[in-house]
Amino acid sequence: MTFRHRHLLGIEQLHPEEIRTLLDLADQYVDLNRREMKHSEALAGLTQINMFFEASTRTQASFELAGKRLGADVMNMAMQASSLKKGETLIDTALTLNAMHPDLLVVRHPHSGAVSLLSEKVNCAVLNAGDGRHEHPTQALLDALTIRRRKGRLHRLSIAICGDVAHSRVARSNIILLGKMENRVRLVGPPTLIPSGAADWGVEVFDDMAEGLKDVDVVMMLRLQKERMDGAFIPSEREYFHRFGLDAEKLAHAKDDAIVMHPGPMNRGVEIDGTIADDINRSVIQEQVEMGVAVRMAAMDLLARNLKAARAEQGVMV
Ligand code: NCD
């Protein structure tokens with residue numbers, strides 16, 4: 001098997017072959033999820049705990065569904081941001097949960113690096129469901145699966161990632177993944193929302209949508225992450241939509257068969273026009289949600305196999 005990790009903390013640690021292995025398995029789970037009987041026993045007997053220290057709709061729901069479809073016992077902890085005053089709080093919580101013998105911990109946290117820190121303190125598999133502005137590996141993997149199924153390949157494509165790149169872990173994980181798979185990545189947005197070091201990431205940077213979208217295969221829009229902004233990054237939402245919001249006129253610069261993506265949640269009329277988001281000929285936004293469940297099933301399945309193998313080696317029964 002070509003997936004050799006104890007945790008899934010970021011795309012950074014994955015080899016292209018491991019990405020392919022995970023996506024191939026996810027394709028099988030897409031088929032399973034389309035059947036009436038959606039059950040598998042891959043995680044039977046294992047306990048999965050979801051700890052979300054930040055709001056989430058689709059990521060948490062899909063991790064929960066993924067675990068249940070694989071036969072795990074799934075528990076959702078409601079973590080309030082207010083209980084999170086110190087780093088110790090996170091570690092203490094992790095140690096408490098660890099004492100309950102979970103097998104998989106799914107963690108979302110507002111601080112970059114927090115999930116990795118936590119993974120060092122527990123003896124189960126940890127999956128990063130988004131840490132600050134750092135990484136959101138399962139989102140990049142579900143985006144990759146969506147692109148691969150729609151475009152028939154995941155290399156030599158031209159992909160524009162547009163909008164609030166500076167505050168986006170989705171953008172970061174996607175830039176790393178798409179670069180590893182040898183695609184051409186462009187970042188398009190106002191200079192205030194493009195990180196200053198972006199030019200060193202092997203991407204092209206544009207501050208004009210018409211130029212940035214010219215002949216691309218994929219247009220990936222990002223949410224304007226107002227909760228992470230501590231100053232005035234844009235003049236007004238109206239002005240932002242006018243210059244950077246995706247509408248039919250701007251999309252016309254992309255290839256005729258270009259697909260439109262958005263990780264959700266969307267701000268309609270801010271970064272994307274509602275009619276484009278709902279256009280079933282261009283938008284794959286709902287398909288991204290469907291791929292999200294399959295990718296999370298594949299990720300947890302692979303980590304559970306490694307966990308069982310490691311325990312077997314240590315002589316621990318599972
Ligand atoms: C993203 C996130 O939380 O990073 N959402 C998601 O997981 N689908 C993007 C966002 O919040 O804009």
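Okay, let's start with R156, which sits in the loop between α5 and β5, the strand covering 158-162. One thing to keep in mind throughout: this is a predicted model. So what is the phi of R156, positive or negative? Positive, near 50°, and this in a residue other than glycine. For background, most residues other than glycine have a negative phi.

The bond joining G264 to P265 is a cis peptide bond, with omega near -5°. P265 belongs to the loop that runs between β9 (259-261) and α10 (274-277). Again for background, most peptide bonds are trans.

Now let's zoom out to the whole chain. The protein chain has 11 helices and 9 strands. Its radius of gyration is 19 Å, close to the 20 Å that the globule rule gives for 318 residues, so the chain is as compact as a globular protein of that length. Along the principal axes, the C-alpha atoms fill a box of roughly 60 × 45 × 35 Å.

If you look at β3, residues 104-109, you'll find it pairing with β4 in the parallel sense over 5 bridges. In that region, H109 stands opposite D131 of β4.

There's also an open sheet of 5 strands, in the order β7-β6-β5-β8-β9, again with parallel pairing. Which strands are at its edges? Those are β7 (204-206) and β9, each pairing on one side only. Here the twist averages 20° from strand to strand. C162 stands opposite M221 in β8. Packed on this sheet is helix α6, residues 169-180, which touches β5, β6 (184-188) and β8. The direction of α6 makes about 165° with that of β5.

Two packed helices are described by the angle between their axes and the distance between the axes. For α5 (137-151) and α11 (285-313), the angle is about 115° and the axes are 8 Å apart. The crossing of α5 past α11 is right-handed. Who meets whom? From α5, the residues include T138, L141, L142, L145 and R149, and on α11 they include Q288, M291, G292 and V295. An α-helix has 3.6 residues a turn, so residues three or four places apart point the same way. By class, the α5–α11 contact is made up of 5 nonpolar, 5 polar and 5 charged residues.

One last check, on α11 itself. At 1.5 Å a residue, its 29 residues should span 42 Å, and the C-alpha atoms at its ends are 42 Å apart, so the two agree. After α11 comes G315, with a positive phi near 80°.

That's the tour. Happy to take questions!

Methods. Residues numbered from 1 in each chain as written. Predicted model: local features only at pLDDT ≥ 70, side-chain atom pairs only at ≥ 80, totals over all residues. Heavy atoms only, no water. Pairing = 2+ DSSP bridges. Helix = DSSP H or I, 4+ residues; strand = E, 2+ residues; numbered from the N terminus. Axes fitted to C-alpha atoms, helices over the stretch in contact; angles between N-to-C directions. Left-handed = near helix turned anticlockwise from the far one by under 90°. Contact = heavy atoms within 4.5 Å. Nonpolar A, V, L, I, M, F, W, Y, C, P; charged D, E, K, R; others polar. Expected span 1.5 Å × (residues − 1). Rg over C-alpha atoms; globule rule 2.2 N^0.38 Å.
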